[in-house]
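Trainee: I would like to learn how to read a ligand site and a helix face in a model. Please take me through one case.

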Amino acid sequence: MTPAPAATASANTNIALIKYWGKADESLTIPTASSLSLTLGGTRTTTTVSFDDGADGADAVTINGAAPGGTARARVTRFLDLVRARAGLTAAASVVSSSVVPLAAGLASSAAGFAALAAAASRAAGMDLDDRALSRLARRGSGSAARSVFGGLVLWNAGVDDATSYAEPVVVDGADEPGGAGLDPAMVVIVLSEERKTIGSTEAMRATMRTSPLYPAWVEAGREDLRAALAAVRERDLPRLGEVVEANALGMHAAMIASRPSIMYWLPRTIEALHAVRAVREEGLPAWATIDAGPNVKVLTRGADAHAVVAALRDRLPGAAMTVRRPGGGVRVEGVAR
Ligand code: PMV
C-alpha cells in the first residue's frame with residue numbers, strides 16, 4: 001500500500017465589516033445576506049491532514065496540542081466526511097492543527113481553522129480545488145471560513161445554493177493589491193474577556209431569526225449597508241466605511257438582544273469599550289467599533305493611525321489587551337509530503 005500523502009495548509013482569520021448573521025439553509029450554510037470582511041495578518045492556523053486511517057480507524061484530531069471532544073470534534077469529523085464523500089475515500093484521517101494566536105484571543109478561530117482544514121484535507125484527498133471551490137467547501141465547516149480563503153477585503157456572495165454561495169476578493173480599480181485597496185485599513189483587537197462564549201453562533205443565529213422582531217429590519221438595512229460599504233471602499237473613504245461598519249454591527253447586536261430570551265454577548269466592559277472608541281473618534285482619530293459573537297471589541301482604523309488609536313484607547317481602558325492587525329493573505333498550501 002502506498003502511504004497516504006500529508007498535506008499542510010494555513011489560513012488567517014477574518015473580521016466581518018458587514019456581518020453574516022443567519023442561515024437561509026442551515027445544512028448547506030447559505031447565509032440570509034452577503035457579507036464583507038477583512039482578513040487579518042499574523043493570525044494563521046496551520047493544519048496538516050492525511051487520510052492514513054487515523055487512530056484505529058477513527059479520525060485522530062489534535063488542536064493546539066490537545067484532542068478536542070464533544071461538538072468541536074464532531075464538527076471536524078463531519079467536515080472530513082464531506083471531503084471523503086467527494087473524493088470517494090473511506091479512510092479515517094489524522095488532523096493536527098495549531099494557531100499562532102491563542103483560541104481565547106478574541107478572534108474568530110473557526111474561520112481560519114476551517115479554511116486551513118478545507119485546503120489541507122482536499123489536497124490530502126487528492127483534489128485540486130480552485131479558490132472558489134475551496135471557499136464553497138470551507139463554508140460548509142463555518143460560514144465565515146468561506147471568506148478566509150482570500151486575503152484583504154473579501155465579499156461573500158450569499159447566493160442561493162451551494163454553487164452560488166462563495167467568497168471573492170474585493171479588487172478596486174484594478175489595484176494589484178487586493179487587501180489595501182488604497183484605504184490602509186487596520187484593526188485593533190481589544191480583548192476584554194477570555195471566557196468562552198455562552199452560546200455558539202449557529203444556535204444564536206437560529207434563535208435570533210426565529211424570535212427577534214428586529215431581525216428582518218437588520219437584514220433589510222444590511223443590504224443597504226453592504227452597498228454603502230462597497231461604495232466607500234471604491235472611493236477609498238475610510239470614515240464612510242467606518243460609520244456603516246459600526247452601525248451594522250450594533251444593529252446585529254440589537255437584533256440579538258431583542259431575541260426572546262435575549263442573547264447578550266456584551267459585558268459591562270464591552271459598553272465601556274464602545275464609549276472609549278466613540279471618545280477617541282471625537283478627538284479626531286479614525287476609530288469605529290465592531291463586535292462578533294462574544295464580548296470583545298475590534299476597532300477599524302487606518303494603518304498609519306493604529307498606534308495613536310491604541311495609545312488613546314489604553315488611557316480609557318486600563319488593563320485591556322490590544323493588538324494591531326493589518327490586512328493579511330489568503331489560504332496557503334504549505335506542502336504535500338508522501
Ligand atoms: O462562521 P460562524 O458560524 O462562526 O459565524 C460568524 C458570525 C460572526 O462572526 C458574528 C459574523 C461574521 O460575519 O463573521
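Mentor: The ligand is surrounded by 13 residues, the closest being A16, Y20, S142, S144 and R147; a residue is near a molecule if one of its heavy atoms lies within 4 Å of it. This is a predicted model, in which local features need pLDDT of at least 70 and side-chain atom pairs pLDDT 80 or more, while totals for chains, interfaces and linings use all residues. Residues are numbered from 1 along each chain as its sequence is written, and side-chain values use heavy atoms, without hydrogens and water.

Trainee: How many residues of each class are in the shell around the ligand?

Mentor: The shell has 5 nonpolar, 5 polar and 3 charged residues. Ala, Val, Leu, Ile, Met, Phe, Trp, Tyr, Cys and Pro count as nonpolar, Asp, Glu, Lys and Arg as charged, and the others, Gly among them, as polar.

Trainee: Which polar side-chain atom lies 2.6 Å from an oxygen atom of the ligand?

Mentor: That atom belongs to S144. For S201 the distance from a polar side-chain atom to a ligand oxygen is 3.2 Å. Alone, the ligand exposes 390 Å², and the protein buries 93% of that (Shrake-Rupley method, 1.4 Å probe).

Trainee: Which residues of helix α5 are buried?

Mentor: Buried means under 20% relative accessible area (1.4 Å probe, protein chains only), and helices are DSSP runs of H or I, at least four residues, numbered from the N terminus. In α5 (residues 201-211), A204, M205 and T208 are buried. They lie on the same side of α5 because they cover an arc of only 100 degrees around the axis, taken from the directions from the helix axis to the C-beta atoms.

Definitions and conventions. Buried means under 20% relative accessible area, exposed over 50%, partly exposed in between (1.4 Å probe, protein chains only). Helices (H or I, at least four residues) and strands (E, at least two) are DSSP runs, numbered from the N terminus. A polar contact is a pair of N or O atoms within 3.5 Å; within protein, one must be able to donate a hydrogen and the other to accept it, and residues adjacent in sequence count only if both atoms are side-chain atoms.
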